[in-house]
Amino acid sequence: MQEERLNKRQVKGMLKQVLNLTLIQHTIRTATPLILAALGGLLTEHAGMLNIGMEGMILLGSFFGVLGSYYFGSSLAGVVLAGLVGLVVGLIFAIFVIDLKSDEFIVGIAINIFAGGLTVFLLRSIFGVKGAFSSPDIIPLPRLNFPGISSIPFLNVILNNHSIFVYLSWIFVALIYIYLYKTPYGIWLRASGEYPEALETAGVSPKKMKYIGSIVCGILCGFAGSHLSLGYLTLFTENMSANRGFVALAAIIFGTANPIKTFAAALMFGFFDALGIRLQVVGVPSQFTQMIPYVATIVALFILTKRQLAKKKRDREGAA
Amino acid sequence: MYYMTKKLIQVKNISKQFPGVLANDKVSLDIEKGEIHAIVGENGAGKSTLMNIIYGLYEPTEGEIFFEGEPVEINSPLDAINLGIGMVHQHFMLLPSFTVAENIVLGTEPRKNRIFMDFKEAVSRTEELSKTYGLKVDPYRKVESLSVGIQQRIEILKVLYKGADILILDEPTAVLTPQEAEDLFNVIRKLVKDLGKTIIIITHKLQEVLAISDRVSVMRHGKMIGTLETKDADEQILAEMMVGREVLFEKLHKEKIPKEKVLSVKGIKARDNRDLIALDQVSFSLNAGEILGIAGVEGNGQSELVEVLTGLRKMEEGTFTVKGIEVFNKSPREIRDLGIAHVPEDRLATGLSSEATIWENMLMGIQHTEPYAIKGIHMNKKKIMERSDRLIEEFDIRTPTGDLPAGNLSGGNMQKMVIAREFSFNTPILIIAQPTRGVDVGAIEFIHSQIIEKRNKGAAILLVSADLDEIFRLSDRIITLYEGKITGEFLNGEISKKDIGLYMTGKHMDLAGRGASNE
């Protein structure tokens, strides 16, 4: 009898430790790179290109964010460098896929492998270290505090003291939504993916729109990477992106490439990530907790691709 | 010089070289202001290439274009649009998931505060345009939910919205019912007479050319054969110019065959790929030595009917009997063994394998039988090649050897290959869908005579075609299909093409009503 009651109390205590405001705070943090990358990726998705190179773009962003911040002594320089590198990689992706008509899947994989190799190589040749580089000279991204809400405990924990990209990513969601659905340019981008010939005969170059989509995707992935390496921790480790590019892709697919739904999907994946970390606190073996976000991704993708396959089959048979 | 003449567009010695094909060979053409100019030619004659050059989609390898006497360079559709040239493509350039208004203003959207799309304005401009030209559309509807006829209307409005004075229409009637085509012609006449537009219309239907155009230019094998006043032309002259030899549109000889029912279809119900009911209580019978034509606007159940009868699609209800043997959801192989051969509507998707060689394609369907497969497994290459070569010869398939990939053949020769294979099985029943789609005039003649020969030898033939002329030319009996239901059955000669169009669009009730009031 008594033992049982004790167990109940223990469980209650553990739950309290897991399901609290910190979980929400962590969700917001871990979701931010996913949101940034997914926003970029949904642009290429709308432009009719499947970009699995996001993973590599994020990794490069992480590295060059640290590099810029360390050498120029400014987190802004880190972000700018990360964004520039993202832009270049986005451009390379576009040249290969749009002009050279390479398979987008292969190009994406190539970017990922290249990013993994390049960052390891540069880590050793520039910083002379293996595995990870950290230094007090790496300037972190500024954190924002809104004094107006610091007196409200609930909002204070959730909304205050985040890295600047957390807030920026929310603004980007709104901007990209407006761009896609409220401006002619957004219509052109979507048209370039749905039926490029229709856009071309209307006098707008679908190629140009696809290039824009790919380049902006690269920049946003670069930002996502710099948030990873300069946001809370100030260090770069090998393979730091840890498959976030693929999770972002899952968020896009799950959110049907709609910025708001994709934002929600990224938050969901961020939540599972945060949940894993919180469960570790109460003693659940880390081998299990680390699985959670990926298991969630696989389940989500399974549901979605099943739906998509059915649609594709319908379309194909409809066309035949 | 030409300053004082009415010549609006002049094309001089345009050539276009594609890898391995000279699509346009020193082509010259004059378009006068305010005329309806038809351009005719067989498939692959270079009509569409020429128009795509005028519209800036292709860059010519050599040659010049003059606009109102001045030399111009048209490097993109935008240049063409700025000159007032608009094109309605054979494959509509519409975004299916966007609304009508969004499609019409695409590329030159009305804006609010310079960067935002003004949806309200787009809708009101669409409505205005729709009123001006008498082409009714609903600006809020998504394009994917609209019929082909309406989609074409949107395409025309789209071009007019861009301020086009010259409209190029590429095979505009290929997808329309006779009524819709008649409507389109009225629109074209109105555009020219009342609004001073100039129309260039590409087609291969000679009757349409004679009905609507002022002048007609004929192309063949990438060359411009000549331009003549339509009033000086007739079908025979144009057909000869198109093909380069005399074409005999002679009446096909049909022998009388004693009636014997070989296929009987009872109450078939089946669903389409979207899980909607595609066939509803379809019943008919087919006799030996008879061609039964299925007429209908595409997408009214014809494809599904063919698929059910060949075992490619499951039926929910009903049954059919082949020479008395009942069939319910049997496999394609079992159905073939019962004696049904099938010429599919889409030769590239289901009729052949374009990467396999011609002889391999010829073998498909009997690859497991003697004498081509010894004991069912070992290929007897000698017999296989003998048969393949014989069929190539018999069906006039133009290829240096049967050992080439089928994908190398032209559309007409691919179709002849599929027909050769299916006809060679000598089955009592043939199901033939769209036998001459995208095939040139010469090959059409040949294929039609082959079909009639089969019929005269006693085969029962079910013919599905979107081409009403074909249905009327070949069929002994005609069934109309509308929204998966049979709406009428006629002996050939009992009904006009115009009236059958009403049955194909479900408007035959009007006809019946009219008939009743006449009595």
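At what angle do helix α4 (residues 119-133) of chain B and α5(B) pack, and how far apart are their axes? The angle is about 100° and the axes are 10 Å apart; Figure 1 shows this pair.

The structure is a predicted model, in which local features need pLDDT of at least 70 and side-chain atom pairs count only at pLDDT 80 or more, while totals for chains, interfaces and linings use all residues. Residues are numbered from 1 along each chain as its sequence is written, and chains are lettered from A and ligands numbered from 1 in the order in which they are written.

**Figure 1. Packing of α4(B) with α5(B).** Helices (H or I, at least four residues) and strands (E, at least two) are DSSP runs, numbered from the N terminus. Axes are lines fitted to C-alpha atoms, for helices over the stretch in contact, and angles run from 0 to 180 degrees between N-to-C directions. The angle of about 100° makes α4(B) roughly perpendicular to α5(B). Angles under 35 degrees count as roughly parallel, over 145 as roughly antiparallel, 65 to 115 as roughly perpendicular and the rest as oblique. L129(B), S130(B) and Y133(B) of α4(B) meet L157(B), L160(B) and Y161(B) of α5(B); two residues are in contact if their C-beta atoms, placed from the backbone, lie within 7 Å. By class, this contact has five nonpolar, one polar and no charged residues. Ala, Val, Leu, Ile, Met, Phe, Trp, Tyr, Cys and Pro count as nonpolar, Asp, Glu, Lys and Arg as charged, and the others, Gly among them, as polar.

**Figure 2. The open six-stranded sheet of chain B.** The strand order is β6-β9-β10-β3-β11-β12, with mixed pairing; two strands pair if DSSP finds at least two bridges between them. β6 (85-88) and β12 (223-229) of chain B are the edge strands, each with a single partner, so one side of each has no neighbour in the sheet. On average, neighbouring strands are turned by 20° against each other, direction ignored. Strands β9 (residues 166-170) and β10 (residues 198-203) of chain B run parallel and are joined by five bridges, with L169(B) partnered by I201(B) in β10(B).

**Figure 3. Two helices lying across strands of the six-stranded sheet in chain B.** Helix α5 (residues 148-161) of chain B lies across β6 and β9 of chain B, at about 170° to β6(B).

**Figure 4. The open four-stranded sheet of chain B and helix α9(B).** The strands follow the order β14-β13-β16-β17, with antiparallel pairing. At the edges stand β14 (277-287) and β17 (325-327) of chain B; each has a single partner strand, so one side of each is left without a neighbour in the sheet. The twist averages 20° from one strand to the next. Three bridges join β16 (residues 317-322) of chain B to β17(B), and F320(B) stands opposite V327(B) in β17(B). Helix α9 (residues 302-309) of chain B packs on this sheet, touching β13 (261-271), β14 and β16 of chain B, and its direction makes about 60° with that of β14(B).

**Figure 5. Strand β18(B) beside β21(B).** Strands β18 (residues 340-343) and β21 (residues 429-433) of chain B run parallel, joined by four bridges. A341(B) stands opposite L430(B) in β21(B).

**Figure 6. Two helix pairs in chain A.** The axes of α2 (residues 21-46) and α12 (residues 259-281) of chain A come within 7 Å and cross at roughly 140°, and these helices are therefore oblique to each other. Their contact has 16 nonpolar, five polar and two charged residues. The axes of α3 (residues 54-72) and α5 (residues 104-127) of chain A also come within 7 Å and cross at roughly 20°, which makes α3(A) roughly parallel to α5(A). Among the contact residues are L59(A), L60(A) and F63(A) of α3(A) and I111(A), F114(A) and L122(A) of α5(A).

**Figure 7. The contact between chain A and chain B.** Chain B contributes 22 residues and chain A 19 residues. On the side of chain B that touches chain A, α2 (77-82), β8 (116-117) and α11 (347-351) of chain B each supply at least two residues. α2(B) gives the most, with three residues. By class, this side of chain B has 12 nonpolar, five polar and five charged residues.

How values were computed. Buried ≥ 20, exposed ≤ 12 C-beta atoms within 10 Å, placed from the backbone.
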